[in-house]
Amino acid sequence: MHPMKTCNKCKKSLDYSKFAKNQTKKDGYENYCKSCKNTYNKLNYGTKFTKAYLKKEGYGIYKVENIITGEYYIGKGWLNERKVDHFTKLKAQKHSNPYLQKSYNNVKHEHLEFLILEKCKPELGSERERYYLINAFLEDKNNLLNQHITIRWQ
Ligand SMILES: [Zn+2]
């Protein structure tokens with residue numbers, strides 16, 4: 001018997017072929033089935049953000065910087081996809097990082113910039129992200145909006 005995977009959205013137990021591959025996920029597949037992911041993408045990104053568009057810049061480490069206050073958030077992932085995701089959630093007041101949300105709310109939309117720090121292979125993402133986070137923590141800790149690293153080193 002083939003192993004099955006449960007879609008986090010529709011909760012159906014489906015064959016792995018119903019899930020798109022994603023190297024950044026633990027088991028190598030998306031958490032939503034292809035059908036749910038398509039609906040999700042259309043609802044969240046609109047039709048102009050096609051799969052090809054979201055992958056266009058490739059994978060890497062990025063910084064979302066508030067150019068007024070100097071505060072910033074560092075992350076990794078498919079660059080266009082992460083950019084669209086961060087800004088969509090910030091705009092909707094639904095970002096999972098309350099510090100970044102607060103920083104965004106204090107300025108105008110265009111004062112938050114998405115900067116690519118480095119492009120790398122997905123398998124090197126965690127290591128490279130860690131490198132930038134450590135440097136950020138050592139050099140400019142007060143402006144760093146990533147919560148987990150602050151907690152880890154307290
Ligand atoms: Zn589903």
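Tutor: Two strands pair if DSSP finds at least two bridges between them. Strands here are DSSP runs (E, at least two residues), numbered from the N terminus, and helices are runs of H or I with at least four residues.

Student: Thanks! What kind of model is this, and how are residues numbered?

Tutor: This is a predicted model, where local features need pLDDT of at least 70, side-chain atom pairs count only at pLDDT 80 or more, and totals for chains, interfaces and linings use all residues. Residues are numbered from 1 along each chain as its sequence is written.

Student: Which way does β5 run against β3?

Tutor: Antiparallel again, with seven bridges joining β3 (residues 59–66) to β5 (residues 112–119). Val-64 stands opposite Phe-114 in β5.

Student: Is β3 mostly covered or exposed?

Tutor: Mostly covered, as six of its eight residues are buried (20 or more other C-beta atoms within 10 Å of a residue's own; exposed means 12 or fewer, partly exposed in between, with C-beta atoms placed from the backbone).

Student: Switching topic: why does Glu-127 count as exposed?

Tutor: Because Glu-127 has 11 other C-beta atoms within 10 Å. This residue is found in helix α5 (residues 125–140).

Student: And how many Å separate the C-alpha atoms of Glu-127 and Leu-100?

Tutor: 23 Å, with the two residues 27 apart along the chain.
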